[in-house]
Amino acid sequence: MEIQLGDLRILRGVTQLGNDAARTFPIRLGTTRIGRGEDVEVRIPEPGVSRLHVEIAVEGADIVLRQVGQTNPTLLNGFPVLGSAALSDGDEIQLADRIVLGVRLTRPRHSRKERSGHSGELSRQMQNKINLDRSIDEFNVMGTFLDVDVVGSRAMKVASARPERIIISFERFRAYVSEICLEYDGQVLNSNGDELMCFFESAVSAVIAGSSILERLAAFNRDQNLLDEPFRFRLGAHTGTSLVDLDAGVAYSEVLDTAGHIQKLATPDSLVLSQATLDALPCPVAVERIDGLDGESGALYRLEERVGREDF
């Protein structure tokens, strides 16, 4: 006779299953496997769920949730599961980004809490928070954002009577900037129409890339621009610590926002550096101080001469 320890109920995120009976699965003594594969006890055929995503098993006096899949994440009550975590009655398990399972245990772990109050649960939640902080810290990196904006882009488009030339020319602009960023070990993270935000782990690489974008601009306008008006750029660079997900191509940071503000203070076809970016360079470059922004960016400097790898 199989011993049932409780059950799992799909609370939200799955639309294929019909009635409540089809959305409820038993948790039995032994191992309960959850995933989208054919050979699991709880099958959830949804995108983002691994073939064997997680499993529930008994470890000593605890019923635990174990992370098995290496690609798709699992959250327990909003915290990432790294390895394994003890389950309690009423917990919620989130698979991928939207599928939530409710846990009901017929034999809740009362004895431990009665002996030690809620310290066990507090300890578990604190450990989960530590694990979450550690996982976030992996995305916390020092680097330089280079913001590239097209000057007068609206007027360029209005002046052209051929929409296909507008589309192709601006696609070429984005490819042009992206290729130079890759050449200097950077990448375009955020794109907002005619403005590109690029990220470099090295301030030197960011400054050389920005200088190269301006230096090669005449050739780009001659060979790739199909519009009557030439492309002109404003560039701004700022350095600091940011949350950056290079795989997803996104960043969340005041450093990024500041680079965008700095760019707006540049004159056409120039690169403006923050004090932090200038300080991060290993040797001096020719710059002119300009009126700056209030706040952490400090003084601002316009790059006066084109620079390359040989200058550093």
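1. Let's start with a pair of strands. Strand S10 and strand S11 (residues 99-105) run antiparallel and are joined by 4 bridges. Glutamine 94 has valine 100 of S11 standing opposite. Between the two strands of this hairpin there are 3 residues, and alanine 96 takes a positive phi near 55°. Bear in mind as you look around that this is a predicted model.

2. Stay with S10 for a moment, which covers residues 92-95. In a regular strand, side chains alternate between the two faces of the sheet. You can follow that here: Ile93 and Leu95 make up the covered face of S10, while Glu92 and Gln94 make up the uncovered one.

3. Look for threonine 74, whose bridge partner in S10 is leucine 95. Leucine 95, you'll recall, is on the covered face of S10.

4. Now zoom out to the whole sheet. These strands belong to an open sheet of 6 strands, ordered S2-S1-S11-S10-S7-S8, with antiparallel pairing. Which strands stand at the edges? They are strand S2 (24-28) and strand S8 (79-80); each has a single partner strand, so one side of each is left without a neighbour in the sheet.

5. There is also an open sheet of 5 strands, and its order is S4-S3-S5-S6-S9, with mixed pairing. Its edge strands are strand S4 (42-43) and strand S9 (84-86), each pairing on one side only. As a reminder, strands of a sheet pair through backbone hydrogen bonds, either parallel or antiparallel.

6. For a closer look at one end of that sheet, go to strand S6 (residues 62-67). S6 and S9 pair in the antiparallel sense over 3 bridges. To find your way, pick out leucine 65: its bridge partner in S9 is alanine 85.

7. Next, the surface. Ile3, Leu29 and Val58 make a nonpolar surface patch of about 240 Å². Isoleucine 3 sits in the segment before strand S1 (4-12). Is isoleucine 3 buried, exposed or partly exposed? Its relative accessible area is 37%, so isoleucine 3 counts as partly exposed.

8. With a relative accessibility of 15%, serine 153 falls under the 20% cut-off, so it counts as buried. Which residues does serine 153 touch, leaving aside those up to four places away in sequence? The answer is Phe170 and Asp194. With aspartate 194 there is a polar contact between the side chains, at 2.9 Å.

9. Finally, the overall numbers. The secondary structure comes to 8 helices and 19 strands. The protein has 312 residues, and buried ones make up 45% of them.

Methods: Residues are numbered from 1 along each chain as its sequence is written. This is a predicted model: local features need pLDDT of at least 70, side-chain atom pairs count only at pLDDT 80 or more; totals for chains, interfaces and linings use all residues. Side-chain values use heavy atoms; hydrogens and water are left out. Buried means under 20% relative accessible area, exposed over 50%, partly exposed in between (1.4 Å probe, protein chains only). A polar contact is a pair of N or O atoms within 3.5 Å; within protein, one must be able to donate a hydrogen and the other to accept it, and residues adjacent in sequence count only if both atoms are side-chain atoms. Contact means heavy atoms within 4.5 Å. Patches are made of residues with over 30% relative accessible area and no salt bridge: like charges are joined within 9 Å, nonpolar side chains (Val, Leu, Ile, Met, Phe, Trp, Tyr) within 5 Å. Accessible areas come from the Shrake-Rupley method with a 1.4 Å probe; for residues, only the protein chains shown count as cover. A salt bridge is a side-chain nitrogen of Lys or Arg within 4 Å of a carboxyl oxygen of Asp or Glu. Two strands pair if DSSP finds at least two bridges between them.
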